[in-house]
Amino acid sequence: RRGRLVAERYWNGHDMATLHDLRSATKSVTSLLVGIALDRGLLGDVHDPALPYLARAYPRLAVDPAITLEHLLTMRSGLACDDRDRRSPGHEDRMYRARDWTRFFLELPRSDAPGERTTYCTGGVVALGRIVAEASGQSIAAFASESLFAPLGILTYAWRSFDGRRQIDTGGHLRLRPRAMAKIGQLVLQRGVWDQGEIVSGAWIDASTSVHTRFTDDRRPYGYLWWQVQAAQPRGTAVDARRIDVVYAAGNGGQYIFIAPALDLVVVFTGSNYNSPTGERPFAILGEYILPAALAHQPAKPLD
């Protein structure tokens, strides 16, 4: 809280040096990399069509010219890709069996007009990673190391690769230590500033953590690869069920980076409760214990 570590605990043989698989919380890191590429002029604008950035790598591939970077950032590509529906042609398990995941995504049939529906799709975020790599002239691992991890002092991490190790999975499976995850959260809390220097613009942080869409199946609010929620305290606590805006990154099994700007607070969880409702237990812990404790110990600015 306020940039200082106030509580830390590890279980089941893990410790502060253990790298942990972020699963889909990786997508929020990819959002930061897209923002940095935009800030540097490597990418033009979120409304740019995706096709020109991939034309050199996939010259004979017919990519829908209506799909923009924003469509990929908000999971509204219009391609037949839904990780929550195992019958979907673009389901991530099918993608993982392919050699080139980027090509797999780009070759998917169109199911809707771009921007029409929001369906959870890892393949689109993999394609975004390839777009940043093509625009920067570097592997995404090199770009992330130079532009994000090194400035934050994150020196130990591991990416998952595919396509004979020629490409990097930017949709999941980045491995970081929990303290490194906390640094990512703190960077977002500080609107892109670290040690008096700007890593990514405050304008991008504001844009990427704002609500741009809601998922068609459950109406959950989504930004540019960041989630939003209002966390409630149980009635009977000192804060009497007030709701606090929280931005968060989320990964299967219990991987979370929660950011509560009104409380100057970052909370990180890791877990191994894959494909289980138990993986969402951190929401209850956050609402029942952490947020009330933060409010009780140091009242924040008035909340609406």
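Modeller: In this predicted model, rings of Phe, Tyr and Trp, the last taken by its six-membered ring, count as a pair if their centres lie within 6.5 Å.

Biologist: Which residues form one aromatic cluster together with Phe258 and Phe269?

Modeller: The structure holds 18 aromatic pairs, and a cluster gathers several of the rings. Besides Phe258 and Phe269, this one contains Tyr120, Phe215, Tyr222, Trp227, Tyr248, Tyr256 and Phe283.

Biologist: Is the aromatic pair of Trp204 and Tyr224 stacked or edge-to-face?

Modeller: The ring centres of Trp204 and Tyr224 are 5.4 Å apart, with 25 degrees between the planes. Planes under 30 degrees apart count as stacked, whereas those over 60 count as edge-to-face. Trp204 and Tyr224 are therefore a pair of the kind called stacked.

Biologist: How many residues apart in sequence are the parts that Trp204 and Tyr224 tie together?

Modeller: Trp204, which is buried, as is Tyr224, belongs to helix α9 (residues 202–208). Tyr224 sits in the loop between β8 (221–222) and β9 (227–232), so the pair links parts whose separation in sequence is 20 residues.

Biologist: And is the pair of Phe258 and Phe269 stacked or edge-to-face?

Modeller: Both of these residues, Phe258 and Phe269, are buried, and they lie in strands β11 and β12 respectively, so their pair ties together parts 11 residues apart in sequence. Their ring centres are 6.1 Å apart and their planes stand at 80 degrees, so the pair is edge-to-face.

Biologist: In β12, which residue is the bridge partner of Tyr256?

Modeller: Strand β11 (residues 255–260) pairs with β12 in the antiparallel sense over five bridges, and β12 (residues 265–269) has four of its five residues buried. The hairpin of these strands has four residues between them, and Asp264 there takes a positive phi near 55 degrees. Within β12, the partner of Tyr256 is Phe269.

Biologist: Over the face of which residue does Arg84 lie?

Modeller: Arg23 lies over the face of Tyr274, at 4.0 Å from the ring centre. For Arg84 the distance to the ring centre is 4.8 Å, and the ring is that of Phe215.

Terms used:
Residues numbered from 1 in each chain as written. Predicted model: local features only at pLDDT ≥ 70, side-chain atom pairs only at ≥ 80, totals over all residues. Heavy atoms only, no water. Buried < 20%, exposed > 50% of the residue type's maximum accessible area, 1.4 Å probe, protein only. Helix = DSSP H or I, 4+ residues; strand = E, 2+ residues; numbered from the N terminus. Pairing = 2+ DSSP bridges. Lys NZ or Arg CZ within 6 Å of the ring centre and 35° of its normal.
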